[in-house]
Amino acid sequence: VFPSLAQAQASVANEVYQELGQPSVFLFCPTEYCSSLCSPSPSQSCYLQTIGQELLPDIGVIWTGPKVVSQELSAVLLEEVEAVLRRRPVIWDNLYANDYDCRRVFLGPYMGRAPGLMSRLHGLLLNPNCELQANFIPVHTLGTWFRSELGSCAHPDHAGMEAVAALEDSQGAQDGSYSPQEALELALHDWVAEINQQALEPGR
């Protein structure tokens, strides 16, 4: 029925999206969802070019970066992806995912993401460790990174300004630049406080 896989996927996704009443959040994960899966590159991928052309413009497209688990995300790469998809991507960040090797747990700070990256994104999803309690540092440092990104925006929207103000009230004002080491220290401080608080609860 369809001349290509990409056209089939886009057609089905568009139909489902419209049948659901065009919800404000509707995400599509392409078969080529990172650079290493594209042939020969994201910008020259016939598959991604078709997805960009055929998929309705308000449908978000998921992207994991250069690899399935990307140690770094750069603005240059995201510009290339945005151009071929004709929209800013939604990053599905597998930095902390350990479902492929449950012997490992990732406890370091959120890092390897270039400053000013948020302006190139339609959204960001963090794929965490499978162990719930191990995600305190990943989620906490992601929040610190997010605050620094909001603070560095040239023209943040009203909601963004409110978010910055709320975070500064709760964590103290900073200069807006993100330091993974400082974010880690802040997360450890808050995690120890939470552990101590839980230890005082009845039945602990």
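Me: In which strand does Trp 92 lie?
Reply: This is a predicted model: local features need pLDDT of at least 70, side-chain atom pairs count only at pLDDT 80 or more, and totals for chains, interfaces and linings use all residues. Residues are numbered from 1 along each chain as its sequence is written, and side-chain values use heavy atoms, without hydrogens and water. Strands (E, at least two residues) and helices (H or I, at least four) are DSSP runs, numbered from the N terminus. Trp 92 lies in strand 3.

Me: What is the relative accessible area of Trp 92?
Reply: Buried means under 20%, exposed over 50%, partly exposed in between (1.4 Å probe, protein chains only). Trp 92 is partly exposed, because its relative accessible area is 33%.

Me: Which residue of strand 4 is the bridge partner of Ile 91?
Reply: Strands pair if DSSP finds at least two bridges between them. Strand 3 and strand 4 (residues 123-126) run parallel, joined by four bridges. In strand 4, Ile 91 is partnered by Leu 124.

Me: Which residue in strand 3 stands opposite Ile 62?
Reply: Strand 2 (residues 60-63) pairs with strand 3 (residues 90-93) in the parallel sense, over two bridges. Opposite Ile 62 stands Val 90.

Me: What share of the contacts with a separation of 6 or more joins residues 24 or more positions apart?
Reply: A contact means heavy atoms within 4.5 Å. In the protein chain, with its six helices and four strands, that share is 71%.

Me: What percentage of the residues counts as buried?
Reply: The protein chain has 204 residues. Of these, the buried ones make up 37%.
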